[in-house]
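Please look at the chain shown here and follow the report below with the structure at hand. It goes from a single residue to the parts around that residue.

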Amino acid sequence: MTPSKVVLTGAAGFLGSHLLDTLLRFTSFEVVAVDSLRHNGTSPNIRNILGDVPQHTDRVKFITHDLRAPLARTDLRHLVNVDYVIHAAAYSQVGHSVTDP
């Protein structure tokens, strides 16, 4: 049986990075992690998680992408046969949402 595939948006942020860590530690899911890295999401969060669970790095594909724009054709291939989507991408402060929706 093929493991489930989940798309996790906001994967480098506070909530998303903890979700990614949990998915890698406690499931066999393949994870397509998406984050723009524009706001409070940081690539060190991703590096730390993958460093903590290196045996699971083959199950993660990280895509740097702003969800307000269409995905590049090369990234679309990672979104085939997705079973779940966890949408954790968000501005961390309400003020940003008002000035730059």
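## A buried threonine

Thr9 is buried, with a relative accessible area of 7%. Buried here means under 20% relative accessible area, exposed means over 50%, and partly exposed lies in between (1.4 Å probe, protein chains only). This is a predicted model, in which local features need pLDDT of at least 70 and side-chain atom pairs count only at pLDDT 80 or more, while totals for chains, interfaces and linings use all residues. Residues are numbered from 1 along each chain as its sequence is written, and side-chain values use heavy atoms, with hydrogens and water left out.

Thr9 belongs to strand E1, residues 5-9. Helices (H or I, at least four residues) and strands (E, at least two) are DSSP runs, numbered from the N terminus. If neighbours within four places in sequence are set aside, Thr9 is in contact with Val34, Leu67, Ile86, His87, Ala88 and Ala89. Contact means heavy atoms within 4.5 Å.

E1 is mostly covered, since five of its five residues are buried. Lys5, Val7 and Thr9 point one way from the strand, while Val6 and Leu8 point the other way.

Which strands pair with E1? One partner is strand E2 (residues 30-35), paired with E1 in the parallel sense over five bridges. Two strands pair if DSSP finds at least two bridges between them. Within E2, Ala33 is the bridge partner of Leu8. The chain gets from E1 to E2 through H1, and this β-α-β crossover is right-handed. That term applies if, with the strands pointing away from the viewer, the path from the first strand over the helix to the second runs clockwise. Strand E4 (residues 84-87) also pairs with E1 in the parallel sense, over four bridges. Here Val85 of E4 is the bridge partner of Val7.

## The nonpolar core

How many residues does the largest nonpolar core have? It has 14, and those with the most contacts inside it are Leu8, Leu20, Leu24 and Val31. E1, H1, E2 and helix H2 (43-52) each supply at least two residues of this core. The largest share, three residues, comes from H1. A nonpolar core is a set of buried Ala, Val, Leu, Ile, Met, Phe, Trp, Tyr and Cys residues joined through side-chain atoms within 4.5 Å.

Leu20 is in contact with Leu8, Val31, Ile46, Ile49 and Val60, leaving aside its neighbours within four places in sequence.

## Salt bridges

Side chains of opposite charge can pair when their charged atoms come close. A salt bridge is counted when a side-chain nitrogen of Lys or Arg is within 4 Å of a carboxyl oxygen of Asp or Glu. By this rule there are two salt bridges.

One joins the side chains of Asp21 and Arg25, at 2.8 Å from N to O. These two residues are four apart in helix H1 (residues 14-26), so they are separated by about one helical turn. Arg25 is partly exposed, at 38% relative accessibility. In the other salt bridge, the closest N and O atoms of Asp66 and Arg68 are 2.8 Å apart. Asp66 is partly exposed, with a relative accessible area of 23%, and Arg68 is partly exposed at 48%.

## An asparagine in a loop

Asn81 has a positive phi of about 60 degrees although it is not a glycine. Asn81 sits in the loop between helix H3 (73-76) and E4. Is Asn81 buried or exposed? Asn81 is exposed, with a relative accessible area of 63%.
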